[in-house]
Amino acid sequence: MEREKRNDMSSSRKRSFTFEPYGSVDGHTCGDETRPESAEGSILDILDSPPKDRQPSRSASSNQRDTEFFEIIEKLQGSRIDEQRCEFPLPLKSRLLTIGGELPLILSPKLGGYWIDPPLERLADVSPTSSCHGLDPESYDIMERDAEARIYHEFFRSRYHHSFTAVDPSLGPLVLSVRLEEEESKLRVILRMKECSLHGVFSVSLFPNIPSAVELAKMLCDRVTVSKFEVVSYLKAPELITTFDEHRVSPNFKFGILYQKNGQFTEEDILCNTEESEEFKELLSILGETIQLQGFAGFRGGLDVCHGQTGREAVVTSFRGREIMFHVATKLPFTEGDPQQLQRKRHIGNDIVALVYQEGQTPFLSDVIKSHFLHCFLVVRRTPGPEDTGKTAYRVSVTAREDVPPFGPSLPDPPVFTDCSLLREFLLTKLINAEISCYKAQRFSRLELRTRSLLLESLQVELATRSKCMMGNPSLSAPPSSEGARGVSEGTGGFIENFKRAIRVRSHSFETLGVTRKTSGSASQKPKTDKDGEGDKSPGHLSADSLGSTELKAQASPQEET
């Protein structure tokens, strides 16, 4: 009878399974009972933290489970950093990776996605003390980010020419500039579109008459379908056009510098270094000059030069007419109790290229630093030089994301430098070219296309409207000047600064010129980002400000990954 009673109670017991914010709770109810007598099958067993040897009363069991549940929540919240740690591949300890008793400077991550130069198989027979050290520094050429950017400034701006604007049904806004070079009987033409600018030179003898603006545009791009261009009569148009053409050209660069000690595998270990060895200081002196940030008047690269909130010192240099600011991790503020060191990550994580100085034999894993922006690393390790010279040698290796095209100068074979001046020339040239090459990666190229589209749209609207004002259109009043909003000196010339500027300028132009902002119908033509489905998804009207801020917030905050 007693066994049948027990079975009846068991069959009448109801089982519920609910999901909580940090897991699931398995509960049983039977009559007035709200919890089981034991914790078997509960969430505590699943998370491997069950109480040991307990046989308390029901109320004590309930209280203990509540306590343990909150402990589990703390564990889950505290595991955020551990989930982002990069797992070092097991082959690291294998002899297959040793090269003359040394480990390689860089290892690719387990999931791939990066290329390494020189590759490991090439290093197999490399001697660190070979007699061939580096190349001629005259061959260290700096890449041009935009070869067409200065053509207007050089051939048009200070000479007699004409500009025209139009809005093509398929290509969008167009800005055309034409100049007749009579001494050479040539027509020089520039057509600006959302995707790019096209430049061409035509002999006048090819035409019985000077071609129209529409004909010249179609000669450069056969996709042009517009039937009419409007002439630009605004007196300050050359300034606006020059600023647009050169918005990607900047003499300023900023790079991160990380200090990796022996045995440091993780981002937290590397970013938590506070002391600098003499060898590390020597490399910094090769790269540039250590200055006091307080009152510094040069290119600051986002660092605070007034209140000391980004440290007291920094390393800067001038190189072939370019100003470079280095974000040295050990010189940025260190926050006690913050393993992620966000005060450091917010600067280095927003750089595109970083240099890693290794002290020891621990390889650098390509994706150990989590960032939306960091696409390339130059790794430098100090090694013994030839015995007969007594000089110190530096071995160099490069890694970048797989969609970053290769860039020069080429690494010598072997990739070892004993001449410090040659090392400086190579590293600075390589860093600049690395950033320029990274702009061709998918993430950056899409954002740059978006920036150019916004700036060109704003330029076309402003040129057309101001020209109508110049011609005395009674329906339009001359708006206040907005050239200053697009000044060349604003920002650093980086593509993020340009994107912010594009949003501000487009908004400013629409507000001051009285132009109605476009709806989502036209906004949907803009390229979408590939990150987590971000894009122009909002229904109804979508302003440039909301469109830009959403993408910029997601793209420009790599420290949020930490």
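Buried here means under 20% relative accessible area, exposed means over 50%, and partly exposed is in between (1.4 Å probe, protein chains only). With that in hand, lysine 228 is exposed at a relative accessible area of 55%. This is a predicted model, where local features need pLDDT of at least 70 and side-chain atom pairs count only at pLDDT 80 or more, while totals for chains, interfaces and linings use all residues. Residues are numbered from 1 along each chain as its sequence is written, and side-chain values use heavy atoms, with hydrogens and water left out.

- Because 15 of its 19 residues are buried, α12 is largely enclosed by the rest of the structure.

**Cysteines**

- You'll find 0 disulfides in this structure, taking a disulfide as a pair of cysteine sulfur atoms within 2.5 Å.
- Cysteine 376 is buried, at 0% relative accessible area, whereas cysteine 420 is partly exposed at 34%.

**Helix α13 and what follows**

- Helix α13 (residues 442-470) has 29 residues and runs 42 Å between its first and last C-alpha, close to the expected 42 Å.
- With 22 of those 29 residues buried, α13 is largely enclosed by the rest of the structure.
- Methionine 471 sits in the loop between α13 and α14 (495-513), and this methionine is exposed at 65% relative accessible area.
- Just after α13 comes glycine 472, with a positive phi of about 85 degrees.
- Leu235, Met470 and Met471 make up a nonpolar surface patch with about 380 Å² of accessible area together.

**Salt bridges**

- The structure holds 18 salt bridges, each a side-chain nitrogen of Lys or Arg within 4 Å of a carboxyl oxygen of Asp or Glu.
- Glutamate 181 pairs with arginine 188 at 2.6 Å, N to O; glutamate 181 is buried at 4% relative accessibility, and arginine 188 is buried at 10%.
- Lysine 228 and glutamate 230 meet at 3.7 Å, N to O, and glutamate 230 counts as partly exposed at 42%.
- Lysine 331 bridges to glutamate 276, with the closest N and O atoms 3.4 Å apart.
- That pair links distant parts of the chain, 55 residues apart: lysine 331 is in the loop between β13 and α11 (342-348), and glutamate 276 is in the loop between α9 (267-271) and α10.
- Lysine 331 is buried at 14% relative accessible area, and glutamate 276 is buried at 19%.
- Arg145, Asp146, Arg248 and Glu448 are joined in a salt-bridge network.

Note on methods. Helices (H or I, at least four residues) and strands (E, at least two) are DSSP runs, numbered from the N terminus. The expected span of a helix is 1.5 Å times one less than its number of residues. Patches are made of residues with over 30% relative accessible area and no salt bridge: like charges are joined within 9 Å, nonpolar side chains (Val, Leu, Ile, Met, Phe, Trp, Tyr) within 5 Å. Accessible areas come from the Shrake-Rupley method with a 1.4 Å probe; for residues, only the protein chains shown count as cover.
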